[in-house]
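Please read the following explanation alongside the sequence and the three-dimensional view.

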Amino acid sequence: MNNSLLAQAANEARGLAMDAIHACNSGHLGLPLGCAEIGAVLFGESMRYCPDAPKWLNRDRFILSAGHGSMFIYSWLHLSGYAVSLNEVKNFRQLHSITPGHPEFHETPGVEATTGPLGQGIGNAVGYALSGKRAAARFNTADHTIIDHHVIALHGDGCLQEGVAKEAIAFAGHTGLDNLILIYDSNDVTLDAMADVSQSENAEAYFASQNWDAVTIDGHDLNAIAAAIEKAKADHNGRPKVIIAKTLIGKGIPEVAGTAKGHGEGGAKFVDSARAGLGLPADEHFYVSAETKAFFAEKKAASKAAFDAWQKTYDAWAKANPALADELTDGLANAVPTDLSEKIPAFAADYKDATRSAGGTVLNAIAKAMPQVITGSADLYGSTKNYLKDGGDFSKANPLGRNIWFGIREHAMGAICNGIAYDGIFRCSGATFLVFADYLRGSIRIAALSGLPVTYIFTHDSIGVGEDGPTHQPVETVSGLRVIPNLDVIRPGDAEETAGAFVAAMSRTDGPTALILSRQAIPLMNSLSVETRRDGTLKGGYIAKKESGALTTILLATGSELQHAMAAAEELGDGVRVVSLPCFELFDRQSAEYRESVLPSACTKRIAIEAGVTGLWWKYVGTQGKVLGIDRFGMSAPGNTVMRELGMTKDHVVVAAK
Ligand SMILES: Cc1ncc(C[n+]2csc(CCOP(=O)(O)OP(=O)(O)O)c2C)c(N)n1
């Protein structure tokens, strides 16, 4: 290892961070300065990556969980030769640059995850590691190893204080993800203050208690960093690894180093003297020496050679295993069989069960057609019904398992699903009761922001939950999800709409879908063909009952209330149309003509019914309309009783219409 060159590169990376943060007068200096030696070892020595093939299947994945330190990753991506130009570094945090305030997936080659909300990146890394383990088990053969990479995440005290990280760490230890390495930037400082104001954890003992291997090193000692990473990579011992690197936050700016003032941009006013102290030229900002350029150019060429060698192995593997190669290619392409709906048998006409049960049947049929589908539940398989019957359970002993036992760790479930989706090989879903969706909302938001095709299976969708009472009866949750941009929320009204909803979720490639399923049985809408219900759901909304005379009234409904709208229409007579609107977002993406054909603007007498808060419905019913909903919390009693008590019946619709 060329220590003097790496030490010099570390100081130049410090200079880039200082200059970029000084230029825009915002950002976080503490981590890029404190972790400069870690960056030098990762990108200069220890990590397997190829800037010419940033998505190399067998690259080590690097996640900057402490996303506020974004200049760390931009500096190292630039230095190591990714398509992150010096100009982009100079444009740090400016409009349309690929160096946004916090790292964003899709924006910057080499950025593996959107990070910034602390703790998420650790969860994502666990998802990546699960994906890597499963992919290695699924695709490597006795003759060819095409996947044996590691997942490395850098995080600070902040990530480790977050519950989502603690949940994910427990899961990783339990499932034995020994391809995962955390590097803990342990600098004893957070944002406001010294870390001992808010933490007194013995990190080594904590990680050991979670079945991890932990080692503490000097985070500025190049040899110690390299040795720790090498050992962590070599130990295939069924335990994830953490390297607790003791560092000096803001190292290089003596006025703030080691204090909370070093965390943000506070040290930027001292950059001139700091740059001089680091031996950087006074007259050339954003300085990268010829030696550093030459070093990384050589490394880049070597990594391209390594990539090419791997590609040869891959090609030989693909030739010898065409079916596996197709499966992997389909997974990476987010491919969905064009006839997916046909692979889901129609439900028998007398089927009368909850949409959660229908969902389980549908997902099992889909899993047969899509080997890349995996699914998990937060200790509620018995209720969420998404268990894949022949799938086996993912575990240390069985990394091929398609069922993930997340434990009662909803937030980590969301972050782990995101990690699996970032990796892009498997299609993942996670399940829990709808009322707990807020527990993973932080991860759902990032899935939506990052365009990840994750599916959430949220069951027990309303006051219809019944006896468990208002703690378990969502009323605001569906609307709360609908306001997240780029999240599709689908609340199907019977088993066939449920089939359509799952097909819609699987067909999405650019964002997540929340499936909202009932606890209680809902009858099939047999007056409509299977295709009408499935295709109508794929459009987000459709005419479920057409008026037989001149149109006077439109009833709109979703989920378990669709049956009441249909029954009310029967009673109300000729001029009444029922529109099933299982997914606002899909419906809103249809053409104006289609939407007008379903909801003609001339008909202003509109009544919506849904067992939840009313606010969002007004855009469909208009000021002349009415919304039958529930703007209060529910009550503990049998589901039908609560539904009746709170106005969710056919009779209420009839009265409102009259
Ligand atoms: C969920 C979440 N809460 C709060 C913040 C705001 N925040 C950004 S960095 C930070 C402190 C992080 O401390 P640490 O991880 O030790 O980072 P360091 O000070 O070492 O850079 C806080 C509170 C955030 N980004 N995400």
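A polar contact is a pair of N or O atoms within 3.5 Å; within protein, one atom must be able to donate a hydrogen and the other to accept it, and residues adjacent in sequence count only if both atoms are side-chain atoms. The model is a predicted one, in which local features need pLDDT of at least 70 and side-chain atom pairs count only at pLDDT 80 or more, while totals for chains, interfaces and linings use all residues. Residues are numbered from 1 along each chain as its sequence is written, and side-chain values use heavy atoms, with hydrogens and water left out.

In the side chain of Asn187, an N or O atom is 2.6 Å from an oxygen atom of the ligand. The backbone takes part as well: an N or O atom of the Gly158 backbone lies 2.7 Å from a ligand oxygen, and a backbone N or O atom of Val189 also lies 2.7 Å from an oxygen atom of the ligand. Taken alone, the ligand exposes 590 Å², of which the protein buries 75%, the areas coming from the Shrake-Rupley method with a 1.4 Å probe. The ligand is surrounded by 14 residues, with His68, Gly158, Asn187, Val189 and His263 the closest; a residue is counted here if one of its heavy atoms lies within 4 Å of the ligand.

Turning to the helices, which are DSSP runs (H or I, at least four residues) numbered from the N terminus, helix H4 spans residues 70-80, and eleven of its eleven residues are buried, where buried means under 20% relative accessible area (1.4 Å probe, protein chains only). Among the buried residues of H4 are Met71, Phe72, Trp76 and Leu79, and the helix is followed by Gly81, whose phi is positive, near 100°.

Helix H3 (residues 36-46) contains Ser46. Is Ser46 buried or exposed? Ser46 is buried, because its relative accessible area is 15%. Leaving aside neighbours within four places in sequence, Ser46 is in contact (heavy atoms within 4.5 Å) with residues including Asp60, Ala226 and Lys233.

A nonpolar core is a set of buried Ala, Val, Leu, Ile, Met, Phe, Trp, Tyr and Cys residues joined through side-chain atoms within 4.5 Å. The largest such core has 76 residues, and those with the most contacts inside it are Phe139, Phe458 and Leu481. Its largest share, eight residues, comes from helix H6 (residues 120-139). A second, separate core of 64 residues includes Met71, Leu79, Val288 and Phe295.

Definitions and conventions: Buried < 20%, exposed > 50% of the residue type's maximum accessible area, 1.4 Å probe, protein only. Helix = DSSP H or I, 4+ residues; strand = E, 2+ residues; numbered from the N terminus.
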